[in-house]
Amino acid sequence: MSVALQHHKKIYNPATAIAHPNIALIKYWGDLDPDLHIPSNGSISMSLGGLFTRTRVRFEDGLPDDRFVLNDKQADRQSSERVSKLLERVRQMSGTTCHALVESRNNFPTGVGIASSAAGFAALSLAATRAAGLELDEKALSRLARTGSGSACRSIPGGFVEWQAGGTDEASFAISIAPPGHWDLVDCIAVVSQEEKGVRSILGHTVAHTSLLQSARVENAPRRLKMCREAILRRDFEELAEVVELDSNLMHAVMITSNPPLFYWQPETMRIIQAIQSMRKAGLPVCYTVDAGPNVHALSPAESSVKITEMIGAISGVSQVMVAHPGGPARIETVQSEGERRE
Ligand code: DP6
């Protein structure tokens, strides 16, 4: 029991959790409910092992406010408010009235379009609920993480994950459709910019419906979800490549035709996409997907990934290449799980 009474002061044990970011193979773009992040369509992702956020939460009697420290620095107001909003939900669930100190660290660059908010809110949901003395199951944790950042619900389960759109708060959560060991698919991330992106996805979701193309994208989503799910289950790379590229292109078509139009690609983005197309024509199994930023994720089976990583690293404008294999679920870090520190 993490709560004890000592001199009329509640003492809470801190809890530390780690969670991986995820790359969407079928994208979430557009909300039915922007506050609860109920998405317009379901999505599928792969957990990015090796990249992680580690978050420690401690509720303390007498703290005047919540405090959020990200990568050793006091976080900006906007991020701190998002964290506090999630902590408020945890306070309501657990009955505590204490504020919390949240210390979070990413082992990958923050704000370059590598979904740090997904790993961040997944780790926060797990650490904060445990620190408040709650033990939520995977579904409840995924729902809670979703309220912080939509894609964070997909960073609670491990491996290959599907977020069932659901349409309501109760029914909108993510489940694992295959464990990390099912298929050694590699995401080779070509980082082209270290700058924070211009328009955050949180705004993008709210304007998606202004594009004429969004309704067509959403209507066709069940077909793409089925193709992607089946390609993963059969480990059929060709089928996966086709639907992953189509889905990414559809999302960017919506982005550039919304009001305001959102352009996330840089000239380097197109250069890398074209290089990937040439590699595929030459017989290498590789495909691309791009999130709300200029970086390109090149996916391939592990056998070809070393060569692909080398080729992508040599493209002009690529400042850094990160490589991730399918990762596990969000988990509590105990003193015993010291091995995970080297992950
Ligand atoms: C393009 O989950 O980051 O990466 O819920 O506003 O935090 P918020 O948005 P977020 O949006 C992700 C958008 C995407 C596609 C995806 O990951 O499915």
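The stops below begin with the confidence of the model, go on to the ligand, and end in the loops.

**Before selecting anything**

This is a predicted model, in which local features need pLDDT of at least 70 and side-chain atom pairs count only at pLDDT 80 or more, while totals for chains, interfaces and linings use all residues. Residues are numbered from 1 along each chain as its sequence is written, and side-chain values use heavy atoms, with hydrogens and water left out.

Colour the chain by pLDDT, the predictor's confidence in each residue on a scale from 0 to 100. The protein chain has a mean pLDDT of 92, and 92% of its residues reach 70 or more. Then select residues 338-343, where the pLDDT is below 50, although this stretch has 12 contacts in the model beyond near neighbours in sequence (contact means heavy atoms within 4.5 Å).

**The ligand and its shell**

Select the ligand next, together with the 17 residues around it, of which Tyr28, Ser149, Gly150, Ser151 and Arg154 come nearest; a residue is counted here if one of its heavy atoms lies within 4 Å of the ligand. This shell divides into six nonpolar, seven polar and four charged residues, where Ala, Val, Leu, Ile, Met, Phe, Trp, Tyr, Cys and Pro count as nonpolar, Asp, Glu, Lys and Arg as charged, and the others, Gly among them, as polar. Helix H4 (residues 201-207) gives the most to the shell, with three residues; helices (H or I, at least four residues) and strands (E, at least two) are DSSP runs numbered from the N terminus.

**His37**

Move to His37, in the loop between strand S5 (31-33) and strand S6 (38-39). Is His37 buried or exposed? His37 is buried, with a relative accessible area of 6%, where buried means under 20%, exposed over 50% and partly exposed in between (1.4 Å probe, protein chains only). Its side chain reaches the backbone oxygen of Arg146 at 2.8 Å, and its contacts, leaving aside neighbours within four places in sequence, include Tyr28, Ser149, Gly150, Trp163 and Ile202. Phi of His37 is near 55°, a positive value in a residue other than glycine.

**Three further loops**

Arg235, in the loop between helix H6 (221-234) and H7, also has a positive phi, of about 50°, although it is not a glycine; at 46% relative accessibility, Arg235 counts as partly exposed.

Continue to Pro260, in the loop between helix H7 (237-256) and helix H8 (267-281), where a cis peptide bond joins Asn259 and Pro260 with omega about 5°.

Finish at Thr168, in the loop between strand S12 (160-164) and strand S13 (173-178), which is partly exposed at 41% relative accessible area. The C-alpha atoms of Thr168 and Leu32 are separated by 9.2 Å, although these residues are 136 residues apart along the chain.

Technical notes: A polar contact is a pair of N or O atoms within 3.5 Å; within protein, one must be able to donate a hydrogen and the other to accept it, and residues adjacent in sequence count only if both atoms are side-chain atoms.
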